[in-house]
Structures are given as C-alpha cells and as structure tokens.
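These are my notebook entries from a first reading of the structure, set down in the order in which I looked things up.

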Amino acid sequence: MIQIKDLHKSYHMGSNSLHVLKGINFDVKEGELVSIMGSSGSGKSTLLNILGMLDEADTGSYILDNVPIKGLNEKIAAKYRNEFLGFIFQSFNLINYKSALDNVSMPLYYKGIKRKERTERAMHYLEKVGLAQWSHHLPSELSGGQKQRVAIARALASDPKVLLADEPTGALDTKTSYEVMELIQGINDEGKTILVVTHEHDIAQMTKRIVNLKDGVIIDDSKVEQVRASQYV
Amino acid sequence: MFDIERWQEIFETLKKNKLRTFLTGLSVASGIFILVILLGFSKGIENGVKSEFEQDATNLITVWTGVTTKSYKGLNPGRYIQMKNENFDFISQKYDQHIEYETSLFSIWGAEISYKNETVNYQVRGAMPGHQFIENADMESGRFVNQADLDETRKVAVIGRKLRQDLFKDEDPINKSISIYGMNFKVIGVFIDPGGEREEQQAYIPLSTSQKVFGAGDDIRNMLFTVKMSDNFDEAVALSQNMANAVENELKLMHTVAPDDTSAVRVFNTLDEAKKIYSLVATIQAVFWFVGIGTIIAGIVGVGNIMLIIVKERTKEIGIRKALGALPMSIVGMILQEAVFVTMFAGLFGLIFGLALLEIVGPQVESDFLKYPQVDFNIALTTVFLLVFAGAIAGFIPAYRAAKIKPIVALRDE
C-alpha cells in the first residue's frame with residue numbers, strides 16, 4: 001500500500017539547516033496496523049506529514065496505492081488527501097462551530113457528494129463510533145474521548161485507503177486512550193491500513209508492528225504480538 | 001455561489017461575530033448612503049441649472065446697443081447707437097447658413113393694454129415669427145405672429161397666458177379686440193412661456209406694426225439669433241462665439257464704433273454662459289463622485305481588514321479543511337463570497353436608505369439652482385455593480401492569503 005525509498009528531508013532556518021529525515025526506507029502492506037515510535041526530534045511527525053502529503057520530501061520516492069506521490073500542486077494534493085487519506089490528530093482538530101454530524105460530513109462535502117447522501121453516510125460512521133445520539137452536539141459539548149471518536153468517524157467518512165493518526169491518544173487519559181485504541185483496532189480488523197505515531201509504549205504494543213525512529217533513521221522495525229485494548233476496558 | 005451549505009457557513013460565522021459584522025456593514029452602508037445622497041444632489045443641481053436655461057433657447061445670441069464711450073474717427077463719445085432694419089437684414093443674410101431662428105424686436109414697456117373695463121400696463125413687443133422658438137414659447141390657443149402679419153403690417157396681437165387671465169378672465173380671447181394705447185388689435189393667439197408669469201404678461205405684435213404705430217420708423221431695439229447646434233457641444237460653443245464676435249464687429253463697423261468700445265454694441269452669447277455653468281456643474285458632480293467613491297473605498301478597506309482578521313482567526317479551520325481535501329479554489333470562494341455578501345447586504349441597505357430619503361425629501365426641494373434631487377435607476381445599478389466589484393476586491397487579498405495557508409503550519413499544535 002505504501003512504499004518509501006531513501007526519503008530525505010531538511011528544514012532550513014536562516015543559515016542553519018536541519019537534516020530531519022536521513023534516508024527512510026519502509027513498506028506498509030494493506031491491512032497493516034503500524035506504529036511509528038521515537039522521541040521528540042526523531043523525525044516521526046515529519047515522516048507522517050510527508051505520508052499525509054501535508055509536506056513534501058526533498059529526495060526519495062513515495063508510492064501510495066501504486067500512485068507515485070511527487071511534485072504535487074495544491075489542487076492534486078488536496079484531491080489525493082481527500083481520496084486516499086484520513087487524518088486523526090492529537091488535538092482532534094474538529095471545527096468548533098459545527099455539530100458532530102457536520103464535522104463528519106465535511107470530507108464528503110469536498111468530495112462533492114449530495115447533502116442527503118452525505119448526512120446518511122456521516123450518520124453511519126457516527127453510529128460506528130457509538131456517537132449516533134450525539135450527532136447534533138457541538139465539539140464543546142463532547143468529552144475528549146468523544147471528540148476523538150468524532151474525528152475518527154470523520155477520517156473514515158471518505159472511505160480512505162490509509163488512516164494516519166498523529167498521537168491520537170496524546171491528549172487523553174489512559175482509560176479513554178484504550179477505548180480509542182479499541183476502536184482503531186476494530187477498524188483495522190475490518191481491513192483498513194492504519195499508521196499511528198506515538199511515543200507511548202503501551203499504545204505501540206496495541207499495533208501489529210513497531211517502527212522505531214531515532215535521529216532521522218529507522219533503527220528498528222519489527223512485528224509485535226498485538227495487545228487487544230478490549231482487555232483493559 | 002448557490003451552494004446552500006456554503007451560505008449556511010457564511011451565516012454561521014457572521015452570526016458568531018454580530019458586532020464585528022455590524023460595524024463592518026455600517027461602514028459600507030454609510031459609504032453608499034453618502035454616495036447616493038451626493039449623487040442625488042448633483043442631479044438636483046443639474047436639474048436646477050437646466051430649468052434656469054430652459055426659459056430661453058440655450059444657443060441664443062442677443063444684441064442690444066447703448067451709448068458710445070470712446071471717440072473714434074473724429075466722432076465724439078456719448079452718441080446713442082440706433083440699430084435699423086437694414087442692419088438686421090444684412091446680418092441675417094450674411095450669416096444665413098449658421099442661423100436657426102432670428103428676430104429683431106421693438107418693444108414698449110408698460111404699455112396701456114385694455115379690454116372692456118380691464119386695463120393693465122404690460123410690455124408690448126414687436127417681434128418676428130422666429131421669436132416664438134427663441135423664447136421656447138408654446139401656443140395655448142391660436143397662432144403666433146407670422147410673415148404675412150409682418151408683410152401686411154396687420155394689427156394683430158399674441159398675448160401671454162397671464163395677460164389673458166387679467167383681461168379676459170374665463171372668456172375666449174381669440175378674435176376679440178384689445179386696445180393698446182387706444183389702438184385696436186385683434187387677438188390671434190395665447191402663448192405659454194417656460195420663463196414664467198413675467199414673460200406671460202407680455203403681448204407680441206408684428207415688428208412692422210410696432211414700428212409703425214409707435215412711430216419708430218426703421219428702428220429696432222434688439223436682435224436675437226439662435227445658432228444651429230452641432231452634435232459636438234464644444235464645436236457649437238465655438239461656432240456661436242465666432243458668430244457673436246462677427247456680429248459685434250459688423251455692427252461696430254456699420255455704426256463707426258471703436259472696436260474696443262464695450263458699451264455701444266453689446267452681444268450676449270448664452271451658449272458661452274451655459275458652457276461656463278455646465279462645466280461648473282460637471283466639476284461639482286466630479287467632486288461629488290470623488291468624495292462618494294472615497295467614502296466607499298474607506299468602507300471597503302474596512303471590510304478587507306476585517307476579512308484579513310477573519311482569515312487569521314480561521315487559519316486552523318482552513319488548515320483542517322485543506323487536510324480533509326478542500327481545494328484552494330473552494331477556500332478562495334468561501335472567503336470571497338463572505339466579503340461580497342457583507343458588502344452587498346450592507347451596501348444595498350445604504351442604497352435603499354439613501355434612495356428612500358431622496359424619495360421623501362427630494363420633491364420638496366426646489367430653489368434656483370437645486371431642484372428635485374434624485375438618483376436615476378442606472379446610477380443605482382452602477383453603484384450596485386460597484387459594490388459587488390468592491391466586495392470582491394476587499395475579499396480577494398484575504399482569500400488569496402487563506403488559499404496559501406499550508407495545512408501543516410495551520411495544524412501544528414501550539
């Protein structure tokens with residue numbers, strides 16, 4: 001599903017240059033649940049941003065679902081993001097003046113789907129994350145765990161190839177974190193490819209494979225015995 | 001544009017910031033309001049000036065004479081210059097191709113006019129047929145003096161509406177006989193003059209008759225010509241100015257008057273005067289437009305400013321939208337539409353308010369140079385287009401900025 005070869009990325013700040021990614025090589029197959037670990041400054045967020053087409057690599061190749069992602073303009077990047085990717089953020093990034101339902105239907109709106117179908121599909125995904133009865137509430141009326149579940153429903157709404165989660169449990173307490181991970185595991189069980197960036201070991205253990213990043217290179221990439229979050233809930 | 005969802009979003013954001021929206025709208029609305037009022041008044045001034053000139057033809061050259069003030073070729077100053085029929089005929093023939101209507105006049109002021117028991121003292125003018133058009137006079141009934149009246153020195157009179165009212169009350173004056181200084185004249189017509197009551201007090205008789213009954217011989221008091229108008233106003237002004245100068249020179253030559261003597265022969269050219277006043281009016285109108293547009297620009301800059309702040313505030317939201325697949329165009333559209341909507345709505349409000357005020361107050365305003373201030377439909381339409389255009393400009397820079405926002409920057413957790 002994802003093939004990355006010799007990926008480099010530097011940031012320039014004035015005369016200083018910061019080499020963040022120093023040759024990343026890794027593949028993700030369909031249906032995998034991968035966690036990317038590393039301390040802050042290891043380059044894991046940069047990698048995720050490149051995977052999410054929010055940022056572009058300096059050199060190296062990135063192939064997503066057999067489509068080479070290269071030299072994108074804003075318009076095509078926006079189209080690919082909408083088509084291929086679903087984002088889950090640490091701080092949820094819901095639009096605060098829109099109801100849960102409207103937030104979930106947002107990617108469908110940009111896909112150009114009619115209002116009626118949009119609402120139906122958004123409602124379907126809200127049900128899936130167990131928030132059907134909260135559909136008309138604003139984000140400010142929801143708890144942290146509920147917000148993240150709305151965000152997951154939104155990421156799923158456009159039926160993307162890959163879900164990218166950046167510290168999805170970073171702003172949540174342990175119990176809620178496990179609930180969210182249970183949901184993510186459930187979605188993965190249905191066959192969705194998911195990448196999770198985290199620095200928490202217990203969260204990483206709940207995925208099927210851990211990629212360890214340090215100073216811009218992968219130092220370890222190994223499959224793990226998945227811990228089911230449901231046993232903690 | 002007609003996307004319900006997008007309109008809903010615009011209303012939501014506007015509702016969330018009522019005070020900000022209100023203040024922005026107020027600046028645009030007052031700008032348009034001021035523009036409409038200014039334009040209304042400039043139209044009012046135009047109407048006022050036009051009605052001042054409507055009394056007589058605007059392309060009129062008037063000639064009258066006085067006393068010489070300078071000695072010339074051995075002749076002493078203090079001579080009264082008396083124009084004769086032959087002077088008029090000469091000029092009339094020489095400048096025939098430029099002249100539209102012509103008349104020479106011999107008038108008696110305060111003539112005693114009576115019918116039955118009613119007697120009044122009004123002006124009686126001996127005139128030619130062309131005078132009707134020069135005065136812009138319309139016939140209420142009957143006809144004006146014609147060439148046959150002149151040729152046969154008929155004792156006929158055309159009376160003004162006021163004079164008819166004074167003498168005849170409700171009686172039909174046509175073919176009745178009035179007396180001027182005891183001489184009987186047959187009334188052949190009643191005229192209406194846009195110059196008002198003063199003009200409508202007069203009676204016109206054929207010039208030849210007037211010269212004969214008042215013992216004037218060949219004397220005339222005034223000559224009046226209208227110059228043929230060309231489509232180009234400036235050309236017409238130049239032509240009539242040339243003609244006025246030529247007439248003045250001819251008369252001075254015929255009567256041996258010093259070329260620099262300004263009081264013996266006087267020629268007044270209405271078109272030249274009209275040009276001065278029209279260009280003054282045009283200047284006033286230009287200033288009004290300038291001030292009005294300046295006010296609108298101030299309002300629009302306000303809208304642009306607010307939109308920049310809105311974009312700044314919504315940076316994160318725009319980042320989210322982009323991450324979810326919003327095209328740059330749809331972001332531009334969103335911001336632009338909001339700006340256009342605010343300017344349109346507020347502007348239309350100002351426009352309607354201004355128009356309503358002019359509609360209510362306008363018809364009551366009537367003085368010499370200000371009459372019925374109003375804004376015509378085309379100008380209102382122009383302002384509306386101006387508004388849409390202005391709104392688009394006000395929104396464009398903020399929208400462009402919004403489209404340039406990188407989702408990665410916008411989504412960075414602070």
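Which residue is the bridge partner of A165(A) in strand 8 of chain A? I looked it up in this model, which is a predicted one, and found that A165(A) is partnered there by V196(A).

**Entry: the strands around strand 7 of chain A**

I then followed the pairing of the two strands as a whole, and strand 7 (residues 162–166) and strand 8 (residues 193–197) of chain A run in the parallel sense, joined over 5 bridges. Another of the partners I noted is L195(A) in strand 8 of chain A, which is bridged to L164(A). I also checked strand 6 of chain A, which pairs with strand 7 of chain A in the parallel sense over 4 bridges, and here F87(A) has L164(A) as its bridge partner.

Stepping back, I traced an open sheet of 6 strands in chain A, with the order 6-7-8-3-9-10 and mixed pairing. Its edges are strand 6 (85–88) and strand 10 (217–223) of chain A, each of which pairs on one side only. Ignoring direction, I find neighbouring strands of this sheet turned by 15° against each other on average. Helix 5 (residues 144–157) of chain A packs on the sheet and touches strand 6 and strand 7 of chain A, with its direction at about 170° to that of strand 6 of chain A.

For chain A overall, I recorded 7 helices and 10 strands, and of its 233 residues 47% are buried. Among contacts in chain A with a separation of 6 or more, 68% are between residues 24 or more positions apart.

**Entry: where chain B touches chain A**

I next asked which residues bring the two chains together, and the contact takes 16 residues from chain B and 22 residues from chain A. On the side of chain B, the elements giving two or more residues are helix 1 (4–16), helix 11 (315–323) and helix 14 (407–411) of chain B, and helix 11 of chain B gives the most, with 4 residues. Sorted by class, this side of chain B has 9 nonpolar, 1 polar and 6 charged residues.

**Entry: two helices of chain B**

I looked at helix 12 (residues 328–361) and helix 13 (residues 377–404) of chain B, which pack at an angle of about 150° with their axes 7 Å apart. An angle over 145 degrees counts as roughly antiparallel, and that is therefore how helix 12 of chain B lies to helix 13 of chain B. Their crossing is right-handed, and the residues of this contact divide into 23 nonpolar, 5 polar and 1 charged.

**Entry: T103(B)**

Last, I picked out T103(B), which sits in strand 3 (residues 99–115) of chain B. T103(B) counts as buried because it has 26 C-beta neighbours inside 10 Å. Leaving out residues up to four places away in sequence, I found T103(B) touching A127(B), M128(B), G130(B), H131(B), I134(B) and L224(B). I also noted that T103(B) and T226(B), which are 123 residues apart in sequence, are 9.3 Å apart in space, C-alpha to C-alpha.

Technical notes: Residues numbered from 1 in each chain as written. Chains lettered and ligands numbered in written order. Predicted model: local features only at pLDDT ≥ 70, side-chain atom pairs only at ≥ 80, totals over all residues. Buried ≥ 20, exposed ≤ 12 C-beta atoms within 10 Å, placed from the backbone. Contact = placed C-beta atoms within 7 Å. Axes fitted to C-alpha atoms, helices over the stretch in contact; angles between N-to-C directions. Parallel < 35°, antiparallel > 145°, perpendicular 65-115°, else oblique. Left-handed = near helix turned anticlockwise from the far one by under 90°. Nonpolar A, V, L, I, M, F, W, Y, C, P; charged D, E, K, R; others polar. Pairing = 2+ DSSP bridges.
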